[in-house]
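This briefing is for a reader meeting the structure for the first time. Please look over the sequence and the model before reading on.

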Amino acid sequence: MKDFILTLSRCTFAFVAVFVMLIIGQTGASAVTLGPGDVVIIGVRADDIDGTIDNGNDDAFAWVPLVDLDAGQMIFFTDDGWTSTGFDGDEGAIKYTAPDTGLAAGTVMLLVYSRNATEPGVHTFTPDPNLGTYESINDANVGTLGFETSAAGDNIFIFDGSTGSPNFIFGVKTEGTTWETTADEPLENDESLLPAALSRANAVLGGPGATDNFDNLRYTGLTTGTPEELLARIASPSNWETSNDLLFSDATNDITNGTGGSSGSGFNVSPVPSTPENMLEVTLLEGVNFMSVPLDPGVQWHLSDLARHIGPGVSFIVWSDTQAQRFVSYFPDFPETSPANIPVVGGDGYIVVMNEPVTVTFVGSAWGTTRTLAGPSLHGSG
C-alpha cells in the first residue's frame, strides 16, 4: 500500500508538472530585467539563399541588444501573431541563451537557420558558437509548426518571461503600414495586433498598395547613440532598406548593417549622464518657439534626434544656414540623410514649431563650444 501511494504521488506530481508547463509555457530565466526596446531586430531575410521561396532554407534575421545581457540570460523570438490575450498558436519560437561571458550591448547578432522539411518544428542553426546558443521552442502557446519568416509578409516579436506570459521587448512587421487593430482568429501569417507594451518599441516596414510586403529588410541608419536614440532610429521606416530580391543595393544579402554578414561588434551604445545637476527642463508651447539645446547629450545629435527627444508634437524645426544666408526647415518625416538634418551644435538657436505644448528634460554636460547665428528667408529642404 505504501509503495502504491508513493507511485501515485509521483504520477500526480508528473501530471501537475506537465499541466503547469502547458499553462505557463516555455520559460526563460533572466538575470537582467529587460524592458521595451532593450533588444531590437535590425534585419530580416525571408528569401532563401538556395533560390527557392518559403522552403525554410537559410532564412535569417539579425538583432542587437542595446543593454548588456547577463550570462545565461534567455530571450525568445517568435513569428506568431498576437491576439491581445495571447499568441495565435500556429507558428513556433526560438530561444536564445547568452554565453557564460554574457553579451555586450551593441553586439550584432546574425542567426541563419533552416527548417527541417519532414519535421517543421525542428531547425538547424548556424550561429557564432562563442556568442550564445539557440533552440527551437514549440508549444501550445506559440504553435508547433516552427519559426519561419514568410516572404508574403510576417512579424517577429522578441520577449522574455514565458510563451504563456510574455514580457515583450520589440516587434517588427514586414507587411503593410500599420498593425492590425482587431484579431479575427486564426490570424494570417502577416497579421498581428501590437502588444500595448511595444507602442514605442516596434517598426512597421511594409508599404501601401497591392504589393505591401517586403521579403528582405535591413536597418541602414546610424549605429552610435544611447539606447533611446538608437531605438527611435530603428523604429523609423526611413532608416531601413527593403527589397523583394535576394540582393540589396550593394549587391549583397547582408542584413547586419555592414558587419559583413556575420555576427560581431557593430553598434556603439553610449550611456547618458543622469546626475541631477546635469538635468534641465525646457517648456515648449503650442506654435512657434525659439530654443537651443541646453546640454551636450554626450553623443552627436542631429535634428532628427532632437525632434524624437521632444516627441510627436514637433511639426518642424527651422535652422539658419549662415553661408547661404537663408533659413532651412527640417520635418520629422525627412530621411536621416536629408541635408536639412544637420548636427546639433551647442549655442545654436532653433525655431521649433509645435502642434501641442510639452515640457522636455535634457540630460548631459555643459557645451564646450558655441557659434553665432544669422539668417534671412525661410526655405524647406527634404
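How many helices and strands does the secondary structure of the protein chain come to? The chain has three helices and 23 strands. The model is predicted.

**The chain as a whole**

- The protein chain has 382 residues, and 49% of them are buried.
- Among contacts in the protein chain with a separation of 6 or more, 73% are between residues 24 or more positions apart.
- The accessible surface of the protein chain is about 17400 Å², and carbon and sulfur atoms account for 56% of that surface.

**Nonpolar cores**

- The largest nonpolar core has 61 residues, and those touching the most other members are Ile 41, Phe 61, Trp 63, Tyr 96 and Phe 170.
- Strand β6 (residues 107-115) supplies the largest share of this core, namely six residues.
- A second, separate core holds 25 residues, among them Val 282, Leu 306, Val 314 and Phe 362.
- Leaving aside residues up to four places away in sequence, Ile 41 touches Phe 61, Ala 62, Trp 63, Phe 77, Ile 156, Ile 158, Phe 170, Val 172, Ile 234 and Trp 240.

**Helix α3**

- Helix α3 spans residues 303-310. Because six of its eight residues are buried, α3 is largely enclosed by the rest of the structure.
- The buried residues of α3 are Leu 303, Ser 304, Asp 305, Leu 306, Ala 307 and Ile 310.
- Gly 311 follows α3, and its phi is positive, near 120°.

**Leu 306, a residue of α3**

- Leu 306 lies in helix α3, and with a relative accessible area of 0% it is buried.
- Which residues does Leu 306 touch, not counting those up to four places away in sequence? They are Val 293, Trp 301, Ile 317, Val 344 and Phe 362.

**How α2 and α3 pack**

- Helix α2 covers residues 227-234, and its axis is 10 Å from that of α3.
- The angle at which α2 and α3 pack is about 100°. Angles of 65 to 115 degrees count as roughly perpendicular, and α2 and α3 are therefore roughly perpendicular to each other.
- On the α2 side, the contact is made by Glu 228, Glu 229, Ala 232 and Arg 233. On the α3 side, Asp 305, Arg 308 and His 309 take part.
- Sorted by class, this contact of α2 with α3 consists of five charged residues, one polar residue and one nonpolar residue.

**Two loop residues with positive phi**

- Ala 251 is not a glycine, yet its phi is positive, about 65°.
- Ala 251 sits in the loop between β14 (240-243) and β15 (264-265).
- Is Ala 251 buried or exposed? Its relative accessibility is 55%, so Ala 251 counts as exposed.
- Gln 325 is not a glycine either, and has a positive phi of about 55°.
- The loop that holds Gln 325 runs between β19 (314-321) and β20 (326-330).
- With a relative accessible area of 44%, Gln 325 is partly exposed.

Note on methods. Residues are numbered from 1 along each chain as its sequence is written. This is a predicted model: local features need pLDDT of at least 70, side-chain atom pairs count only at pLDDT 80 or more; totals for chains, interfaces and linings use all residues. Side-chain values use heavy atoms; hydrogens and water are left out. Buried means under 20% relative accessible area, exposed over 50%, partly exposed in between (1.4 Å probe, protein chains only). Helices (H or I, at least four residues) and strands (E, at least two) are DSSP runs, numbered from the N terminus. A nonpolar core is a set of buried Ala, Val, Leu, Ile, Met, Phe, Trp, Tyr and Cys residues joined through side-chain atoms within 4.5 Å. Contact means heavy atoms within 4.5 Å. Axes are lines fitted to C-alpha atoms, for helices over the stretch in contact, and angles run from 0 to 180 degrees between N-to-C directions. Angles under 35 degrees count as roughly parallel, over 145 as roughly antiparallel, 65 to 115 as roughly perpendicular and the rest as oblique. Ala, Val, Leu, Ile, Met, Phe, Trp, Tyr, Cys and Pro count as nonpolar, Asp, Glu, Lys and Arg as charged, and the others, Gly among them, as polar. Accessible areas come from the Shrake-Rupley method with a 1.4 Å probe; for residues, only the protein chains shown count as cover.
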